[in-house]
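Please keep the sequence and the 3D view at hand while reading.

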Amino acid sequence: MNATSFSEVLAESGAPRGSIYHHFPRGKEELAEDAIAWTTEQILAHMAACPAKTPRGVLDWFIDLWREVARRTAGAGGCAVAGVAVDTDAGYTLLEPVRVAFRLWTDALASRL
């Protein structure tokens, strides 16, 4: 998170500068929090739609989501939650949302397994 500037986010997204500050007045930390929340919602929805009846099928369903992200982005895409988790300078305030996200994912997988 610290290695990415708002200028880079603006360049990639095409959003106007005023728009990003309007939607994320607390800056990059708020953007990261929203990315963690959005990613978690996507993962939980994906797991809720899992048609698999076997542990292998459940794990394949989960892994296929990430495989598709890598395929669609030619390996450039990744996980916002993992990105924040491995950023040692992200600070404690972002570690709690990361923990909650991973806990929710783990619980969703465990309930299916």
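Helix H4 holds both Phe62 and Trp66, which are four residues apart, or about one turn of the helix. The model is a predicted one, and the values that follow are computed from it. Phe62 counts as buried, with a relative accessibility of 14%, whereas Trp66, at 24% relative accessibility, counts as partly exposed.

## From helix H4 to helix H6

Trp66 also pairs with Trp105: the centres of these two rings are 5.9 Å apart and their planes stand at 40°, so the pair is tilted. Because Trp66 belongs to helix H4 and Trp105 to helix H6, this pair ties together parts that lie 39 residues apart in sequence. Trp105 itself is buried, with a relative accessible area of 7%.

The structure holds three aromatic pairs. One of them is formed by Phe62 and Trp66, whose ring centres are 6.4 Å apart and whose planes meet at 75°, so that pair is edge-to-face. Together with Phe102, the residues Phe62, Trp66 and Trp105 form one aromatic cluster.

## The largest nonpolar core

In soluble globular proteins, nonpolar side chains tend to be buried together. Here the largest nonpolar core has 17 residues, and those with the most contacts inside it are Ile36, Met47, Val58, Phe62, Val81, Val84 and Trp105. Helices H3, H4, H5 and H6 (92-112) each supply at least two residues of this core, and the largest share, six residues, comes from H6.

## The largest pocket

How much space lies in the largest pocket? The volume is about 770 Å³, and of the 22 residues that line this pocket, Ala35, Thr39, Gly78, Cys79 and Ala80 are the closest to its centre. The elements that give two or more residues to the lining are helix H3 (28-48), helix H4 (55-72) and helix H5 (80-86).

Helix H3 provides the largest share of this lining, with eight residues. Sorted by class, the lining of the largest pocket has 14 nonpolar, six polar and two charged residues.

Definitions and conventions: Residues numbered from 1 in each chain as written. Predicted model: local features only at pLDDT ≥ 70, side-chain atom pairs only at ≥ 80, totals over all residues. Heavy atoms only, no water. 1 Å grid on protein atoms, 1.4 Å probe; cavity = no way out; pocket = protein on both sides within 12 Å on 5 of 7 lines; lining within 4 Å. Points joined across faces, edges and corners; volume = space filled by probe spheres on them. Nonpolar A, V, L, I, M, F, W, Y, C, P; charged D, E, K, R; others polar. Core = buried A, V, L, I, M, F, W, Y, C linked by side-chain atoms within 4.5 Å. Buried < 20%, exposed > 50% of the residue type's maximum accessible area, 1.4 Å probe, protein only. Phe/Tyr/Trp six-rings, centres within 6.5 Å; stacked < 30°, edge-to-face > 60°.
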